[in-house]
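Dear colleague,

My account of what was found in it comes after.

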Amino acid sequence: MNKRTAYIRSIGRFLPEKKLTNNDLEMMVDTTDEWILTRTGVRERRILEPGLGCSHMAVRAATECLERAGTAPEELDVIIVGTVTPDMAFPATACLVQNMIGAKKAWGFDLSAGCSGFLFSLSTAAQLIEAGRVGKVLVIGADVISRVIDYTDRSTCVIFGDGAAAVLLEPCPEPGFGLLDFILHIDGAGGEHLFMKGGGSLRPATHETVDNKEHFVSQDGPQVFKASVNGMSQVSAGIVEKNGLTGKDIAFFIPHQANMRIIEAAARRMDIEDEKVIVNIDKYGNTVCASIPLVLYEALVERENGPGKGDYLVMAAFGAGFTWGSALLRWWEK
Ligand SMILES: CC(C)(COP(=O)(O)OP(=O)(O)OC[C@H]1O[C@@H](n2cnc3c(N)ncnc32)[C@H](O)[C@@H]1OP(=O)(O)O)[C@@H](O)C(=O)NCCC(=O)NCCS
């Protein structure tokens, strides 16, 4: 019996207009365009204007995604938002989005898994569809990470940017296509290398937590870099081998955009040609949960020669937690 799978029916994105370039950062911290470009691959990133939150971007990405599919919000069964920067601790951003777009019958929730939030959300959504319980699931990756970045800390402020993207999952009309496999991991021992200490139940906001800058991202860059290279390389190559494929069989690699050197290491381990590796880190930096769907958008909408029916795509992520994983997708279209 052929297993029911989910496929990606549509995609949408939102990017704030305001750009923060490496030259802008040169005037804010002790850094250079050359250092940022060679050590990370980032040229510029987007910053959401003050007064707007995660839901603002999520709704715009969702709206483009649904319009492309010709699907009404009322048809949605579930909304999952992968994010580490929700508008507020509660209600969930999924509830805010549901209300703003008028997805009257949908239920949903936010999913927190660092930069792997979109991939973990995608896997959850795919399994809801595989179980046969739901038909249309909107998966959004959205982060206003600039709100929790210390723009006097040169080791973190050069990497990150804001953005959102959404995909619509539906049951795949043909067996053997769609989201075929996932490999997902967490390792809480890595939590000490990348975290935001303040603002939760353990260290709620006080004058002290603000003075100590506990409401900002704190990162041991080299430790995260090492774990990320290992983790992303293992799951990228791992999912290809697990499914009896090689790098030559993969049409597109859609990696989380944390650092160009991490992407290159994972691509090398998969033995995949450079032109199959989709990259937009130069334009947007690390957009956390929006990163993978923004790269997917690049492949599906921005490129002239995007995936065709039957093409294999591999997605891979690594993030705070540590969390990491990969997905194997066989492209389906009519
Ligand atoms: C953060 C990161 C770019 C730093 O690059 P790195 O090559 O590891 O650099 P290091 O942290 O070892 O620092 C090397 C030197 O550059 C300096 N440096 C750090 N940031 C700098 C900047 N923006 N501009 C100039 N110099 C900088 C350091 O102070 C250090 O100087 P020192 O040798 O005098 O002490 C890199 O570690 C990284 O990408 N880590 C993973 C981050 C990540 O993926 N996070 C999200 C996970 S999803």
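Predicted model: local features only at pLDDT ≥ 70, side-chain atom pairs only at ≥ 80, totals over all residues.

Residues are numbered from 1 along each chain as its sequence is written, and side-chain values use heavy atoms, with hydrogens and water left out.

The protein divides into domain 1 (6-175) and domain 2 (179-330), with bounds that come from an automatic or database domain assignment. Taken over C-alpha atoms, the domain centres are 14 Å apart. To the contact (heavy atoms within 4.5 Å), domain 1 contributes 52 residues and domain 2 contributes 47. The two domains bury about 3900 Å² between them, 64% of it on carbon and sulfur atoms; buried area here is the accessible area (1.4 Å probe) that two parts lose on being put together, summed over both. Of the area that domain 1 buries against domain 2, Arg13, Cys115 and Leu119 supply 17%, more than any other three residues.

Three salt bridges are counted between the domains, a salt bridge being a side-chain nitrogen of Lys or Arg within 4 Å of a carboxyl oxygen of Asp or Glu. Lys213 and Asp150 form a salt bridge, with their closest N and O atoms 3.1 Å apart. On the side of domain 1 that touches domain 2, H5 gives the most, with eight residues. Helices (H or I, at least four residues) and strands (E, at least two) are DSSP runs, numbered from the N terminus.

Helix H9 (residues 260-270) has as its buried residues Ile262, Ile263, Ala265, Ala266, Ala267 and Met270. Buried means under 20% relative accessible area, exposed over 50%, and partly exposed in between (1.4 Å probe, protein chains only). These residues of H9 pack against helix H8 (221-242), strand S11 (250-255) and strand S12 (312-319). The N-terminal end of H9 is capped by Asn259, whose side-chain oxygen lies 2.8 Å from the backbone nitrogen of Arg261.

Asn22 belongs to helix H1 (residues 22-26) and is buried, at a relative accessible area of 1%. A polar atom of the Asn22 side chain lies 2.8 Å from the backbone oxygen of Val42.

The salt-bridge count by this rule is 17. Glu170 pairs with Arg9, the closest N and O atoms being 2.6 Å apart; Glu170 lies in strand S7 and Arg9 in strand S1, so the pair ties together parts 161 residues apart in sequence. Glu170 is buried, with a relative accessible area of 10%, whereas Arg9 is partly exposed at 33%. Lys136 also forms a salt bridge with Glu170, at 2.8 Å between the closest N and O atoms. Arg9, Glu75, Lys136 and Glu170 are linked in a network of salt bridges.

Yours sincerely

Notes
Polar contact = N/O pair within 3.5 Å; in protein donor to acceptor, adjacent residues only side chain to side chain.
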